[in-house]
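Subject: Structure for you to look at

Hello,

Here is the structure I promised to pass on. My notes follow below it.

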Amino acid sequence: MNDYIEDFLHYLIVERALAENTIASYKRDLTSYARFLEEKYQIQKPAAIQRNHILQFLANLKDEGKSTRTLARHVASIRSFHHFLLRDQIVDHDPTEHVENPQIEQKLPKVLHVEEVDALLAAPDISKPLGMRDKAMLEIMYATGMRVSELINLRLGDIHLEMGFVRVFGKGNKERIVPLGKPAIQATSRYLSEGRPKLYRSKYRNDVLFLNHHGKPLSRQGFWKILKSTAKKAGIHKELTPHTLRHSFATHLLENGADLRAVQEMLGHADISTTQIYTHVTKTRLKDVYEKFHPRA
């Protein structure tokens, strides 16, 4: 089975151009799937797999305490794998055809209020190079809604301050152009002129926009630590992740009348249904305001 899985992963890389994290997720799911089939049913060839084998695998995951979301991800991975096998005529049937997707409870993303965002963006000490960097990073994150992986991979050539936009490479290396507001432009300009030169180390010779105190590219974990410490300094005690700024960006745009398609494009969502979750967030927040302030609520 492992050879078939490797062929499928190669197809995802070459023809679908999926991101490394997505490929790794497929590999984990399918490896555990293949291991289960071999250990329980001694299945080593895809042609021997039937619908009941897949259902038993999912039942096993459920018994292990896996969440509905995890089960749904496994179903998606397995379904894509079998579609690939059928397409390449390795098998003549699709055992996933009548396997239903688990119903996932839709959780609304957590967002910051505008006042909390203002406090967060004002917290870095911009008299120091690291503070200038942190200010620029947070301003760009909130100005564009980009993912943390996209932020830490920005190159100097991706930022166009005079024209007021940034070039972002998202999932599957898909490129999109996102506007930058004046605060983000000003913060980034100061970081580039005063902060980054003091962090840069010529021995590394990299053109990554955001550097750590060693002059190396900033990591995801590094940004996470910066965000947590900055939130604490700003007096924000709610649970905060890098994605919270992305959620806040989208929600605040829609609350102020932005077009859903425009928000979809800026976020880099392939499907508008992914962006539509933010319309539910704005309705929920609207209801909270109504109940809090209307005398007859």
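Pro242, Thr244, Leu245, Arg246, His247, Ser248, Phe249, Ala250, Thr251, His252 and Leu254 are the buried residues of helix α10. Buried means under 20% relative accessible area, exposed means over 50%, and partly exposed is in between (1.4 Å probe, protein chains only). That makes α10 mostly covered, with eleven of its 14 residues buried. Helices here are DSSP runs of H or I, at least four residues, and strands are runs of E, at least two, numbered from the N terminus.

The model is predicted: local features need pLDDT of at least 70, side-chain atom pairs count only at pLDDT 80 or more, and totals for chains, interfaces and linings use all residues. Residues are numbered from 1 along each chain as its sequence is written, and side-chain values use heavy atoms, with hydrogens and water left out.

The length of α10 (residues 242–255) checks out. At 1.5 Å a residue its 14 residues should span 20 Å, and its end C-alpha atoms are 21 Å apart, which agrees. The expected span is 1.5 Å times one less than the number of residues. Gly257 follows α10, with a positive phi near 95 degrees.

Next, the sheet. It is open, with three antiparallel strands in the order β1-β2-β3. Strands pair if DSSP finds at least two bridges between them. β1 (159–160) and β3 (175–179) are at the edges with a single partner strand each, so one side of each has no neighbour in the sheet. β1 and β2 (residues 165–169) pair over two bridges.

His160 sits in β1. Its bridge partner in β2 is Phe165. His160 counts as partly exposed because its relative accessibility is 29%. Its side chain reaches the backbone oxygen of Gly157 at 3.1 Å.

Now the cores. A nonpolar core is a set of buried Ala, Val, Leu, Ile, Met, Phe, Trp, Tyr and Cys residues joined through side-chain atoms within 4.5 Å. The largest has 48 residues; Leu120, Ile140, Leu151, Leu154, Phe210 and Phe223 touch the most other members. Helix α6 (residues 129–144) gives the largest share of this core, six residues. Another core, of 27 residues, lies apart from it and includes Leu9, Leu12, Ile43 and Val91.

Last, Ser32 in helix α2 (residues 20–41). Its side chain reaches the backbone oxygen of Asp29 at 2.8 Å. Beyond neighbours within four places in sequence, Ser32 is in contact (heavy atoms within 4.5 Å) with Phe57 and His74.

Best wishes

Conventions
Polar contact = N/O pair within 3.5 Å; in protein donor to acceptor, adjacent residues only side chain to side chain.
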